[in-house]
Amino acid sequence: MQTWHVYLLECSDGTYYCGITTDLDRRLRQHNNGTAAKYTRYRAPVRLLTSAEVEDKSEALKVELFVKKTPRSKKCSVITNKSWKI
């Protein structure tokens, strides 16, 4: 079974990007090379702020959506502290 990660990036323009992946190092390289998400393509270089392992793709998608709805000031702590769990 694959390990899934939810991650939060800070783009060169100061905006945040949240995504999911099974290979965090590869995905970060893709973002910085401009071959990942369209959003980060024009905002590179990006830097990893935080990430968290989750059980499966279903949970990763749910957490990603939760983080995207969370106010900017709380996004990092939601992922770091896994505060989407009840």
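In which strand is His5 found? His5 is found in strand E1, in a predicted model whose local features need pLDDT of at least 70, with side-chain atom pairs counted only at pLDDT 80 or more and totals for chains, interfaces and linings taken over all residues. Residues are numbered from 1 along each chain as its sequence is written, and side-chain values use heavy atoms, with hydrogens and water left out.

The protein chain contains four helices and three strands. Read from the N terminus, the order is β-β-α-α-β-α-α. The radius of gyration of the protein chain is 12 Å, in agreement with the value near 12 Å for a compact globule of 86 residues; this quantity is taken over C-alpha atoms, and the globule rule is 2.2 Å times the number of residues to the power 0.38. Along the principal axes, the C-alpha atoms fill a box of roughly 35 × 30 × 15 Å.

Of the 86 residues, 40% count as buried. Here buried means under 20% relative accessible area, exposed means over 50%, and partly exposed lies in between (1.4 Å probe, protein chains only). The accessible surface of the protein chain is about 5300 Å², and carbon and sulfur atoms account for 50% of this area. Accessible areas come from the Shrake-Rupley method with a 1.4 Å probe, and for residues only the protein chains shown count as cover. Among contacts with a separation of 6 or more, 56% are between residues 24 or more positions apart, where contact means heavy atoms within 4.5 Å.

The protein chain carries 16 positive and 9 negative side chains, and the centres of the two sets are 7 Å apart. Lys and Arg count as positive and Asp and Glu as negative, whereas His and the chain ends are not counted. The place of each charge is taken as NZ of Lys, CZ of Arg, CG of Asp or CD of Glu.

His5 is buried, at 13% relative accessible area. Beyond its neighbours within four places in sequence, His5 is in contact with Gly19, Ile20, Thr21, Thr22, Ala52 and Glu53.

Two aromatic pairs are present in the structure. Tyr7 and Tyr17 form a tilted pair, with 6.4 Å centre to centre and 45° between the planes. This pair links strand E1 (residues 4-10), which holds Tyr7, to strand E2 (residues 16-21), which holds Tyr17, across 10 residues. Tyr7 is buried at 2% relative accessible area, and Tyr17 is also counted as buried, at 15%. The rings of Tyr17 and Tyr39 are stacked, because their planes lie at 20°, with the centres 6.1 Å apart. Here the link runs from Tyr17 in strand E2 to Tyr39 in helix H2 (residues 38-41), 22 residues apart. Tyr39 is partly exposed, with a relative accessible area of 32%.

Glu59 is placed in helix H3 (residues 57-69) and is buried, with a relative accessible area of 14%. Apart from neighbours within four places in sequence, the contacts of Glu59 are with Val54, Trp84 and Lys85.

Most residues other than glycine have a negative phi, and most peptide bonds are trans. Ala44 and Pro45 are joined by a cis peptide bond, with omega about 5°. Pro45 is in the loop between H2 and strand E3 (47-54) and counts as exposed at 56% relative accessibility. Not counting residues up to four places away in sequence, Pro45 touches Glu10, Cys11, Ser12 and Asn32. The C-alpha atoms of Pro45 and Asp13 are 9.2 Å apart, although the two residues are 32 apart along the chain. Lys82, which is not a glycine, has a positive phi of about 50°. Lys82 is in the segment after helix H4 (75-80) and counts as partly exposed, at 34% relative accessibility.

Methods. Helix = DSSP H or I, 4+ residues; strand = E, 2+ residues; numbered from the N terminus. Phe/Tyr/Trp six-rings, centres within 6.5 Å; stacked < 30°, edge-to-face > 60°.
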